[in-house]
Each structure stands twice: as C-alpha cells, then as structure tokens.
There are 2 protein chains.
Amino acid sequence: MERVFVVGVGMTRIGRLFEKHAKELFAEALWRAIEDAGGLKPQAIVVGNMTSSVLMQQDSLGALLADYAGFRGIPAFKVEAACGSGGVALYAGYALLKSGLVDVVAVGGVEKLTEAYTETVTRALAQAADADYEVFYGVTFTGLNAMIARLYMNTFNYTDEDLSYWPLKMHEYASYNPYAQLPRKTTLKEILTSPLIADPIRLFHVAPIGDGAAVILLVRGEERAREISKVTGRDVLVEVASVSVATDSVDLSSRRDLLTMESTVLASREALSKAKLTIRDIDYVELHDAFHVTAYTSLEDLGFAPKGAAVKLYKDGMFQKGDKPEVNFSGGLKARGHPVGATGVYQAVEAVMQLRGDFPGYKASNPETAMIHNIGGISTIAAVAVFKRVK
Amino acid sequence: MERVFVVGVGMTRIGRLFEKHAKELFAEALWRAIEDAGGLKPQAIVVGNMTSSVLMQQDSLGALLADYAGFRGIPAFKVEAACGSGGVALYAGYALLKSGLVDVVAVGGVEKLTEAYTETVTRALAQAADADYEVFYGVTFTGLNAMIARLYMNTFNYTDEDLSYWPLKMHEYASYNPYAQLPRKTTLKEILTSPLIADPIRLFHVAPIGDGAAVILLVRGEERAREISKVTGRDVLVEVASVSVATDSVDLSSRRDLLTMESTVLASREALSKAKLTIRDIDYVELHDAFHVTAYTSLEDLGFAPKGAAVKLYKDGMFQKGDKPEVNFSGGLKARGHPVGATGVYQAVEAVMQLRGDFPGYKASNPETAMIHNIGGISTIAAVAVFKRVK
C-alpha cells in the first residue's frame, strides 16, 4: 500500500468573522493550501463540519464549498461526527486517497458559529450529546463536562487552581499564534475569578465559540510528494503515518468508567500500532482540550500520563517546552479556538507546520513525529493521526 | 487493487414507522444484512443521513447507531450529501474498504422524517437547495423541481399526461414490493386529478416522505467473498465494479443548462469507465426519481436516452420488462419510497438482490450488470455505482 504525504496546508484566523460566509472561509483555506503545495489542485474534497444543517440551514455542504472554491464537478462531501468531524474527515480523506480512487485529496474543516444567538449555538453544540437520554432533560454540553470535571477533581483530589494551569499555558502559547482566536496571556487570578458557566467550569476553562476553516492537501506515493517538493523548494516531507477512529456511546450513562475515554484509548493504540511507533516516540501533540478536564483525561487516555496524574504532571512543568512530548503549542481549543468541525484539521495543519519547522507561533523543539487527537462529544468518537517527518 | 464484493444486504419496510427510533431502524437493517452474510460482522460503519441534525437534534449519528446496534468501539461516521447521502456513503465506504484500513464495511442509510410537522420536514428538505440564493426567497424543493418540470415540458413539448406514465408504472411495480411505502396500483386519472403541489407537479408525481433504513455489507477480495458464499450457500457473487461521485452547483442560477444534470453525466461516465463497461452493457437500473421529471432527465443524463426523448420512449414501453435496461422495478423513490439519506442504499440493496435473483418483488430478467443512481439536491451531487454478477 502506497504511503500518504501532506503537500500543502492552509487556514484562516479563527474569530468572529462576521464579514465572511463559510464558503469564503473554506475557499481561503483551500487556496492557501494549494499555494503552499506549489499550485497542486485537489481531485476530491472531504469536509468536516458539525453545524451547517442547523445554523446555516444548508445541506449538500461539500458541493457548495467545492463549487464556490472553483472545483465544481469533483467528488465533495461532508463528514459529520460532532466536534470530531475534522479528524474523521481526515480519516475518510486518507482512505479515499489510499484506495486509489483519486490521487490528490483536500481534507478540510469549516465552521461558522458566531452569527447565531448564543442560546441557539448552545443548543446546536448540545447535539453532540444524546438527544433522548441527556439533552431532553435540559443539560448543556458544558453541563455534562462539568459533571466529568467535578468527578475527576473529587476522585483525584484536585482543586480549581490545580486544573487552571492548562488554560494559563494555552493563553500564553496562543499569544504567539497569528491564527488564534484569543491571542493574549492571562493569569491564574483572571481564570479563577472568571464567570462560572457550569460549576466547576468557569469561562476561562472552556474553549470559545469561533468561525474558521482549515485545509490539508494529501497525495499518495513518495515519488509524487518529492516532485511537489521540487516545486515548493521544501526539503522535508511530512508523511501521514496513520489515522485511526474509534467510537464510544453517546450517552454517558452507559459508560463503564466516566473518567476513561475508551475511544481515545482505542484510537491512540491503533494509530501508534499502524504507524509502528510507541507512545514514547511521539515528540509533539495537538490534543482536544475543549474543557480543562478534557485536556487532562486526553493526556491520560492517549497514553502520556497515568490515570489521575496529568494535572499534577502538567502543573509540575511536563508537556511543555523541551519535554517529550510537547503539547498544544498552538494554544489548543482553549485559546487558538474551536471552530468545532474544523478543529481536527487545524490540529493537522499545526502538527505538519511544527514538523516542517514553519509554524508561525510558539515553536516545538524540532519534532520528528507528531500526533493529533480530535474528539466528538465526550469522546463519543475519537480520531487520532500520526505524522512523521521524512528527510 | 483488490476487488470489492457485497456479501449481505438488509432493509426495513419504508413508511410512517412511529414506533421505531432511527437507531432501531438502522439496527434492524444492519442485523438483517449480517444474517444475510452468514453472521459476518462489520469493522466499520458509514451511514448516509440527511436530516438527523435538524429533525432529531442529534449529531454523532454514526457512533449512536454503531453503539445501539452492538458495535460500540468501531469507526462509525455520518456522510451528508442531502438526498444523495446514501450513494455518497457507499462511495466513502467503498474507499474505506479498498484502502485496506478495514476488511468488512457496513454501508447504511437511515432517515426518520414522519415524526415532525409537514412544514418542518418541507423546510428540512429544502436544505438541499441553496439557503442564501434560493430558499431565502421562499421557494421549496418541490417548487424548484416544478420549474425544471415546466421548462422540460415546454422545451420538448410534453403534457402532464405524458409525464405521468412514470408514476403509473412505479406504483404497479411497488405493489409487488413488500418493503415499499406505497404498494398499490394507481391510474392515470388518479394521478392527473391528485392535488397540485407546485404547478405542474401533483401529489402523485412526487416521492412520499417516509422512514426507513438499509444496509449493505462489503468485503475486499474474491477469496474472502467465496468463503462467505460457502457459509450462506449462495452460488453467485456480486461485485461492486465501481462507485463514482460528481458535483454541480447547489443553486440553479449558475448552471449552464437547467435540463442537463452535469454531475449525473460525469458520474455515469466515470462509473462505466472504471467498471470497463459501456452504457449498452447495463441490464438493470435503479435511478433517482424524486419527481417525475427527475426520472426522465436521469434516464437521459445517465446515457440511456437522447435529451428530451425519455418521456416518449418510456410511454412507448421502453425501460420496462424484457427491455435493456430494465428500470426501477422496486417502484422507485415514487412508490417504494424515499427516506432521503437512505435511498441510495435501498437502491444498492435492490440492485444486488435483482442480480442474485432473490428480490422479493417485481423481478428483472436475470440481469448480469446493474447500475444505481442517487442524487442530492437537483443533481447537485450524483453517486453512480455499477454492480456485476460473478459466477
């Protein structure tokens, strides 16, 4: 089976982009990726998106985006897996390419959240939870995560302050990222006195709502990738070593253990095994920190920390500059932003740029391998991909 | 590249299935397909669905269905391409299998339309049209198709009666189909005096709204398929010879020719070419007749009739029993029913059963090749697949 390489990446700044339609955001990211790949054009487009049906009243999103970007005719479709849509689109696009059905695939993600009323967006995002068993009873998505956070804190004896070191660092990293939605530093005091959203989760513990689009361009075969490198003058190749997806229940009530995200465990194990690597080989990680507690359970369930230990390790300075792995130097969902269905593709773009050494923000220490981790719901679905630098 | 075979199919009756949730419908179809495949279980699920986000307020649909059906853990995601979601899910599932990422894939479609108010469903289905350029101005999806129908009738000089032979035959075929939503015959008089929905389209010219689910199970490699045949005792194999997808604009205003569905033309040509067949080799077809005019433009754009001639040819008795190809013996979207995101998978199930000789309704004349054609919007996206019987 031929190997798959990333030959171009593009993204827009994340924010309240009132002046731009989703199709404009997508076209902007796609054409940046095409330019980054020396002009190479996609033969198919797979796009991750969560809320276009509900917030834009628009289906057939794949065709709409392809047409507007100048690619009317080619296969183009939307993949929906809630906030994990981008990561799962990467899985589907990777399969499309590996299958031999097409030779160049654009995997994109786009989301447009800020034009609706906050209540409408809160309801739309709650669709990641179980409509019949959870949302019907009035809980929001933040409410469900707050219960997980409280259980985690009680079980492992952590305080609000202990968990707040994550957002503190994320804001610092984002302050260097020109694409970030919240590129500003914060303080523990500001975090701990920010408004309560759903006890114990405060405003500064949770990812903001934003608009954005990101795209990566993939090709099959090392020879093809090297040809493109000649055009772009880039001397490193980035290989997609593996992409894995696993699922769990949507409703939390039927989980075996509320503090272990089994789909993250499964997807991480499979992605590493398919990439012929172990968890110790990973130099750089972009993981899914929609809430502070999610960052910690993700570190644990991906395999980077024992269960319950991630908060202490992070507070002690692990996973930061010079450590292995270095984690979320983009600023994460927390501060780079979380345009839900696009987030997984942002992570892929950032991981690729860190491997190439051209990420325009806080730089990792010359990583050779990178992992991304994107989830839908409370890890109802997890996508984990491993990227490798190839000389 | 290894070949792909269908080893099991399953579907539910289509109708107003108030007593069943979408996840129950899907599980029923999936387990029928598993039984049909001698107990073979899927390693991944790709599901076509259009309206779960809007009508069920439920995202993460793939994981929800996988979990309920007993497959928590495996990769499972939703593909959205409006009414073409089922056909496009087949494309994504076929790619997933051909890529080697998994060895057994269940491609499913499910839709639950009848629990919402009719107006809500009308609005949900209009999301297949352009939200900004079309629906915003008040047009419904039937309204847009009515304009196409009027233009077609004026351009090629046909009457309401001329176009009504299609639904007349569809109802006849459906009367033999135990899975059909409208298994009853009708008359030209009943069709021509049925209520006007959007002039010139009358109630009996258009597909009904219904609930249903269908699943096909695919494996890679002839050897694997033959092993399963030993278990099931089936002596014919059905190969997926090709699956192709093409797109067009969502809005009609930017089309070159309102009566030529270019994505259908493109997808048909590519599917035939990849299957190494010509249009004359196709024995049996299930095509997308959401409206009477859609049946005729589809026959033309797939390549079975010259532009403008399909109505006359159909009225003269072509595409019926003993002809080549025989078309829509299921009763079509018109009378078998049209659970939108599931329709493409119903077509695949029916085509496979006709090739195997075990379709429980109106039987084709021992076909060796079959084509299915499923579209989203007004052929904004078209999926065409070719199936072959292999001894």
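Select B:Q57, in the loop of chain B between α2 (52–55) and α3 (61–68). The model you have open is predicted. Now check the backbone here. B:Q57 is not a glycine, yet its phi is positive, about 50 degrees. Most residues other than glycine have a negative phi. Is B:Q57 buried, partly exposed or exposed? B:Q57 counts as partly exposed, because its relative accessibility is 42% and that class runs between 20% and 50%.

Jump to chain A and select A:K276. It sits in the loop between α11 (262–274) and β9 (284–286) of chain A. A:K276 has a relative accessible area of 74%. The cut-off for exposed is over 50%, so A:K276 is exposed.

Stay in chain A and select A:D199 with A:P200. Which kind of peptide bond joins A:D199 and A:P200, cis or trans? The bond is cis, with omega about 10 degrees. Most peptide bonds are trans. A:P200 lies in the chain A loop that runs between β5 (196–198) and β6 (201–202).

Last stop: chain B, B:D199 and B:P200. The peptide bond from B:D199 to B:P200 is cis, and omega is near 10 degrees. Where is B:P200? Look in the loop of chain B between β5 (196–198) and β6 (201–202).

Technical notes:
Residues numbered from 1 in each chain as written. Chains lettered and ligands numbered in written order. Predicted model: local features only at pLDDT ≥ 70, side-chain atom pairs only at ≥ 80, totals over all residues. Heavy atoms only, no water. Helix = DSSP H or I, 4+ residues; strand = E, 2+ residues; numbered from the N terminus. Buried < 20%, exposed > 50% of the residue type's maximum accessible area, 1.4 Å probe, protein only.
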